[in-house]
Amino acid sequence: VTSWNHTVVTYFEFLPFSSIPEIQGSLFCLVLLMYLSTLVGNILIIMITMIDAALHSPMYFFLKNLSFLEIGYTTSTIPKMLVNFLTKRKGISFLGCATQMYAFSLLGITECCLLAAMAYDRYVAICHPLRYTTMMSWNMCFLLSAVSWLTGVLVALEQTTFIFTLPYCGPNRINHFFCDLLPLLKLACVDTYKNEIITYIIAVLCVMVPFLLIVVSYVRILHTILKMPSAGGKRKTFSTCSSHLFVVTLFYGSGIVTYLRPKAFYSSSSNKLLSLSYTLMSPMMNPLIYSLRNKEVKQALKRLIAKNTNT
C-alpha cells in the first residue's frame, strides 16, 4: 500500500530480546517459568478470596481485582514474547500491535488507579476504623473499581488512537518485546516531539496522580500509627498495609523510571529489562507478597488445602 510516496507499514518486527543467540532458549525457559508462576499464583489468590468467607471484605475484593488485572497484564505481552523466542519472524500485524498496546495500556492504567483505591481502603481502615463499614461499603468498593476500569478504558483508547493514527512508513523494527509507546513513537515518519510531550502529560496524570494519592494515604496512615501508644499495636497495624506498600513500590518503581525519566537517559536495552520487571516480575511477586506477609491469606490457604486433603 502506498501513500504520500511512502510505503505504509502494515507489519512490525520485534528485534531479539538479546543479541546473543545462544541464550534465547534459556531466556524462553526462564520467562515461561515466571509466566506460569504468575498465572498459578494469581489464580490461587482469586480462588481463595472467592471461596473463603473470612476474606469477603473490601480489602480482598480489591486484591481479587488486582490479581485478575495481573493475569491480563502479563498475558497481553508475554505469550507473544515467548512465541518470538522460538520463531525466526518475530513480528506482529499493525492491527495486532494496536490491540496489544490498547490491552497493555488499559490494564496498566487501571492497576495504577486500583492501587490508589487499595491505599484509600487501608487509610480508612486505620485512620477511621469506627466508620470503616460505612465509608467502605460494597457500593463504594464497586464504584472505586468501576472508576478504575473506566479510566483505563478511556485513556488507553485515546492513547492508542493517538499513536496509531501517526504515519508509519518504515523502518518497521521495534527495539522492544511488545508494542509500547516510546519505541513506536521512534518509528513514526513525522516529528513526534509534540506527541511525546502529550504522552508524558498523560503518563504524569495517569501514573503520578494515583501515586500521589497513595503517598498522601500513607502519610496519614503513618501519622496515625506513630500516635499509637504500644509498639506491638504499631507493628500489628502496619502489617495490615505492608503487603500493599511492597506491591506499590515494585510496580511504580519500575514504571516511573521507564516512562518518566528524561529522554537523555533512555536506552533500549535498559528499557527492555525495566519493562520486564513490571510486566512479569511484579505480577509474579504480588501473590507471594500477599500470601507470605498476610496471616489471613495464609490461614485461608491452609483451610483450602486441609479441605481438599480431607475430601
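Predicted model: local features only at pLDDT ≥ 70, side-chain atom pairs only at ≥ 80, totals over all residues.
Visitor: How many aromatic pairs does a search of the whole structure find?

Guide: A pair of aromatic rings is described by the distance of the centres and the angle of the planes. Rings of Phe, Tyr and Trp (its six-membered ring) pair if their centres lie within 6.5 Å, and planes under 30 degrees apart count as stacked, over 60 as edge-to-face and the rest as tilted. The search of the whole structure finds 17 such pairs. One of them is the stacked pair of Tyr73 and Phe104, with 5.0 Å centre to centre and 15° between the planes. Tyr73 belongs to helix H2 (residues 58–75) and Phe104 to helix H4 (residues 94–127), 31 residues apart; helices here are DSSP runs of H or I with at least four residues, strands are runs of E with at least two, and both are numbered from the N terminus.

Visitor: Are Tyr73 and Phe104 buried or exposed?

Guide: Buried means under 20% relative accessible area, exposed over 50%, and partly exposed in between (1.4 Å probe, protein chains only). Both Tyr73 and Phe104 are buried. Phe104 also pairs with Phe178, and this pair is tilted because the ring centres are 4.6 Å apart and the planes are at 50°.

Visitor: How many salt bridges are there?

Guide: Side chains of opposite charge can pair when their charged atoms come close. A salt bridge is a side-chain nitrogen of Lys or Arg within 4 Å of a carboxyl oxygen of Asp or Glu. The count comes to two salt bridges. Glu13 forms one with Arg173, the closest N and O atoms being 3.8 Å apart. Glu13 lies in strand S3 (residues 11–14) and Arg173 in strand S5, so the pair ties together parts that are 160 residues apart in sequence. Asp121 and Arg122 meet in a salt bridge at 2.9 Å, N to O, and both Asp121 and Arg122 are buried.

Visitor: Where is Lys236 found?

Guide: Lys236 is found in helix H9 (residues 231–260), and Lys236 counts as exposed because its relative accessibility is 64%.

Technical notes. Residues numbered from 1 in each chain as written. Heavy atoms only, no water.
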